[in-house]
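Q: I'd like to learn how to read side-chain features in a model like this one. Could you walk me through a few cases?

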Amino acid sequence: MDVKERGTAVKIVELEVMGLKIYEQLHKFTFGMVNRIEGGRDQGKTALSEAIVWCIKGCNLAGETRGVLKQLKNVASKELRVTSIWDLGYPNHNRYKVSRISKGRSTRLYLDDELVQQDIIDDLFGSVDLFLSVFIPGFIGGLSAPRIRDLIHSILPKPSHKAVLNSFKNEDRTLLEVINIEDPHTCLVDQQKELSEWDEYIGGLKVRLNSLQFQVKLQEGSPVEGESDILVLQEQFQTIQEEKGPELEDYVIEMIEEKKKLGEQYRELEDKWKQLRKKPLPRKERLQIEVHQRQLDLDEIASQCRKILDDGYHLRDLIKHAEAMHEQDLVEFSQYKAERLQETQNQINLVLAKRNFSAGLKSKKGLYECEMNKLMEATQERQRVAEQLNMIQQYVYQYAKLQVEMANNLLQNAEIILTKRNLDTQVHYQYKLVFRGKGLYSLSRCEKISLSIEFSKLVNYTLKMLVPIFADTGDAMDKENIESQYFETSFVPNGLLNVSGV
């Protein structure tokens, strides 16, 4: 299927829901750019946002797919069906029909009545984290730090090569122009690989030079090393043998501890859930109320357990990756240690050999001088590559700073903070999002909505896509600064569901 070119606005104009929570029978809704949803408790206000999210993303409002059908499906319905009509590129009206149907154990996704995979829909609406971070105010505050970092990185503006070069001094700018950076990150990886190859080559030259130097001394009748030299080399050999490999990084240990804490939290909630299930029911006159309240409490605990499980699975994957990297470091250390041990043993063997025989060796002076010239040339070339690598790292950092600066110029109360960490020869960049100087987890309902509005503008600037906002809070907001489609719920005691849009 050819996906049509995406415009600016992402606007849902129609929604059909059947078999989802309160909507047992087929219900149809139409929407405008500004929509007000009114009704009493359990009238299906929040269920509309759940229907929209499940239709295009297949998850709940927390971005979870595990157990989502059990949460959403009406118990009396055999089929869960949601169809949404979207205008992408409003007002140019590139219209799409997205349907997700769950029947039995099968769930199918359709675009314009053609069976498709989720990635086709993601091409239209962005990733789950991107879409929900705008559509559901406060969603981004529940993401882990790595997911927030990846999300922010995906929506940062891309400054021009010329703009980045202009931030450097003239001499550095000239060097960068010679390097001809087209893709900074790819260029950085290539330079790091080349530097590693030069280090390996120079290391081999030094080993050969040490061996040749010894042979030249033998040929020239240099004094034979005594027993003390053998002892020094043997002590050096013993010291190398006792060296230990790199330890697990502190942040990995912290993640392991955090995973343990999540496990403890999960077991505590599980025990709480079991105890609540076993709790005796009250007298007959309060039985129905107590059963209903107990079920709500059980569902809440189950939801918390699912959230902890998802975080635990994510941490487990991060820990596995970090441990795999640590195992690789240990392998590289063992190889390096083995090379040093072999080199030291070779020196010991050479000293012992010199004591036993010092004649019959051919002159190695010419070969030694040739290898020495190679070493000098290789060292100079390595220095050149190292200087280029340093400039590329500065370029990448300056590029990231300009990205953050451009993004923050588009934001009003929100701010993206860039930090840089140097680990060995690698440079890692971290992104943190705050709102009015506060962490995302401590925002009020109105601040969460304001953050979604600002985030929507940044996404639109970078990706040319205005994601709708569904403010399921009951708080009235100033809609003058809202450029995207907007949904606002309002609680009306004992009122029936009423959806109005303009």
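This is a predicted model: local features need pLDDT of at least 70, side-chain atom pairs count only at pLDDT 80 or more; totals for chains, interfaces and linings use all residues.

Q: How do I read the charge of Arg100: which side chain of opposite charge is nearest, and how far away is it?

A: A salt bridge needs a side-chain nitrogen of Lys or Arg within 4 Å of a carboxyl oxygen of Asp or Glu. The nearest side chain of opposite charge to Arg100 is Asp122, 7.1 Å away, and Arg100 is buried with no salt bridge.

Q: Which backbone oxygen does the side chain of Arg100 reach?

A: That of Cys55, at 3.2 Å. Cys55 is also on the contact list of Arg100.

Q: Next, is Thr489 buried or exposed?

A: Buried means under 20% relative accessible area. Thr489 has 3%, so Thr489 is buried. Thr489 sits in strand E11, residues 486-491, and its side chain makes a polar contact of 3.0 Å with the side chain of Asp472.

Q: Now the rings: how many aromatic pairs does a search of the whole structure find?

A: Ten. One of them joins Trp86 and Phe125, edge-to-face, with 4.8 Å from centre to centre and 65° between the planes. This pair links distant parts of the chain, 39 residues apart: Trp86 is in strand E4 (residues 79-90) and Phe125 in helix H3 (residues 118-125). Both Trp86 and Phe125 are buried.

Trp198 and Tyr201 form another edge-to-face pair, at 5.9 Å centre to centre and 75° between the planes. These two lie in helix H8 (residues 184-219), three residues apart, about one turn of the helix. Trp198 is partly exposed at 22% relative accessibility, and Tyr201 is partly exposed at 37%.

Q: Which residues do ring pairs link into a cluster?

A: The cluster holds Phe31, Trp86, Phe125, Phe131, Phe135, Phe470 and Phe487.

Q: Last one: which Lys residues lie over the face of a Tyr ring?

A: Lys420 lies over the face of Tyr397, 4.1 Å from the ring centre. Lys464 lies over the face of Tyr461, with 5.6 Å to the ring centre.

Terms used: Residues are numbered from 1 along each chain as its sequence is written. Side-chain values use heavy atoms; hydrogens and water are left out. Buried means under 20% relative accessible area, exposed over 50%, partly exposed in between (1.4 Å probe, protein chains only). Lys and Arg count as positive and Asp and Glu as negative; His and the chain ends are not counted. A polar contact is a pair of N or O atoms within 3.5 Å; within protein, one must be able to donate a hydrogen and the other to accept it, and residues adjacent in sequence count only if both atoms are side-chain atoms. Contact means heavy atoms within 4.5 Å. Helices (H or I, at least four residues) and strands (E, at least two) are DSSP runs, numbered from the N terminus. Rings of Phe, Tyr and Trp (its six-membered ring) pair if their centres lie within 6.5 Å; planes under 30 degrees apart count as stacked, over 60 as edge-to-face and the rest as tilted. A charge sits over a ring if NZ of Lys or CZ of Arg is within 6 Å of the ring centre and within 35 degrees of the ring normal. Lists of a residue's contacts leave out its neighbours within four places in sequence.
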